[in-house]
Each structure stands twice: as C-alpha cells, then as structure tokens.
Amino acid sequence: MTFEPVIGLEIHAQLLTATKIFCGCSTAFGAPPNTHVCPVCLGLPGALPVLNGRAVEFATRAALALGCDVHARSVFARKNYFYPDLPKGYQISQYDQPLATGGRVAWEADGRTVSVGITRVHLEEDAGKSLHEGLPESSRYTHVDLNRSGVPLIEIVTEPDLRSPEDAAEFFTRLRAVLTAIGVNDGNMEEGSLRCDANVSVRPAG
C-alpha cells in the first residue's frame, strides 16, 4: 500500500509595530534582557491592557492578502498554561471568534495546482524567551528574557491540504513573501519573528 503525508502548518508572524500589542513597550529586537517591559507585559496585578490599533490594522492587511473573510467582531480569550516565560500564567489570544477565516493560497507546480486553505488568522501576544546558554551559570540555570512578551503576533493556521515537504516549504516561502511585501512582517527567521510548526499525519494515498 502506498502512503502519503497529510500536512498542516501553523505560522506565527510578529507584526512590525513599534510597540507591543497591549502596552507601550518597544518591540525592538536585541535590547538587553528585561529592559523592554512594564507592569502590563509583566502581568503585574492591576495592570490593564490597551489594544494596539496598528496591530489590528496589520493583522487585517495580512488576512485580506491571504483572501480571508475578516469578521466585524472578534474576541480575545485567555489561553491558560504555565511556563517560565509566560509571566501571567496565560496568553491573550483569540479562540472561537478569530479575526479572519477562510482564505486560500494556490500555485502551479509540475503541471498540477496546489491549493492550500487558510483556516484562520488570529491575533495574539508573544511569550517571553527562555535562555539556556551564554549567561552566567547557564549550565545550571535557565534564564528568562521577557522583552518579547507581549509583542504582537498573528497566527496563521492552514487546512491539512499539503501532501509533501516540498509543497509545505513552497507554501511557507510564498507566505513569507506576501507578509514582507505588504509590510507587516520582516521575514527574519533567525530572530524568531517568523516561525513555523508542522502537523503531520500519514494515510493511504488518495
């Protein structure tokens, strides 16, 4: 029996805003650890988030470029999980009412059409970063840098429409080109501003 992979992707793209999604802290990369933080992105008691309108604009621009339906109403929710680089104990994300749904990216390859559905595009905040090397006593301790905590993200989730690693790589390349062309993401994978996770299963071919 011949088998084929069934691949769906989850892409996280940091938006090119000057400040974080719910506070006025800088999103600039490379600052000394824990210098671009405030009571809001540290999750201190009593701090109230205020949504960055520029982040909504950039997320909407990306959703439209991917052919999605942008909804008049979308809702933020708490995604609860406990991890050292998530100071609040939850991530502000979107769940059952995302910003946009139902897009598509298609191209021709080797005489066939590859068509990948976009399940959803939603807004959320980035987590901090755990540092495992390069600092004093890194061999014994993990350090945490919260400069990235609260940087605005869009998460782009595809349908499981990809059937080969080559097609998945081509989709990601095309998506990266779209996001950089419309000015919402810098495409810099080395700095972590564009990240991709693949979900893969296997089934009988066809």
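Predicted model: local features only at pLDDT ≥ 70, side-chain atom pairs only at ≥ 80, totals over all residues.
Figure 1. Of the 206 residues, 43% count as buried. The charged side chains comprise 18 positive and 24 negative ones. The centres of these two sets lie 5 Å apart.

**Figure 2. Overall fold and dimensions of the protein.** Two helices and 10 strands make up the secondary structure. Along the sequence, the elements follow the pattern β-α-β-β-β-β-β-β-β-β-α-β. The C-alpha trace spans about 55 × 45 × 30 Å along its principal axes. The radius of gyration is 18 Å, which agrees with the value near 17 Å that a compact globule of 206 residues would have. Among contacts with a separation of 6 or more, 70% are made by residues 24 or more positions apart.

**Figure 3. The aromatic pair of Phe 22 and Phe 76.** A pair of aromatic rings is described by the distance of the centres and the angle of the planes. The count for the protein comes to one aromatic pair. This pair is formed by Phe 22 and Phe 76, with 5.5 Å from centre to centre and 75° between the planes. The arrangement is edge-to-face because the angle between the planes, 75°, is over 60 degrees. The two residues are 54 residues apart, and the pair links distant parts of the chain. Phe 22 belongs to the loop between β1 (3-14) and α1 (53-65), whereas Phe 76 belongs to strand β3 (residues 76-80).

Figure 4. Phe 76, in contrast, has a relative accessible area of 28% and is partly exposed. The value for Phe 76 falls in the range between the 20% limit for buried residues and the 50% limit for exposed ones.

**Figure 5. The surroundings of Gly 8.** Gly 8 is found in strand β1. With a relative accessible area of 8%, Gly 8 is buried. Leaving aside residues up to four places away in sequence, Gly 8 touches Thr 158, Glu 159 and Pro 160, and also Asp 197, Ala 198 and Asn 199.

**Figure 6. The separation of Gly 8 and Gly 102.** In sequence, Gly 8 and Gly 102 are 94 residues apart. In space, the distance between Gly 8 and Gly 102 is 15 Å, C-alpha to C-alpha.

Key
Residues numbered from 1 in each chain as written. Heavy atoms only, no water. Helix = DSSP H or I, 4+ residues; strand = E, 2+ residues; numbered from the N terminus. Rg over C-alpha atoms; globule rule 2.2 N^0.38 Å. Buried < 20%, exposed > 50% of the residue type's maximum accessible area, 1.4 Å probe, protein only. Contact = heavy atoms within 4.5 Å. Lys, Arg positive; Asp, Glu negative; His and termini not counted. Charge placed at Lys NZ, Arg CZ, Asp CG, Glu CD. Phe/Tyr/Trp six-rings, centres within 6.5 Å; stacked < 30°, edge-to-face > 60°.
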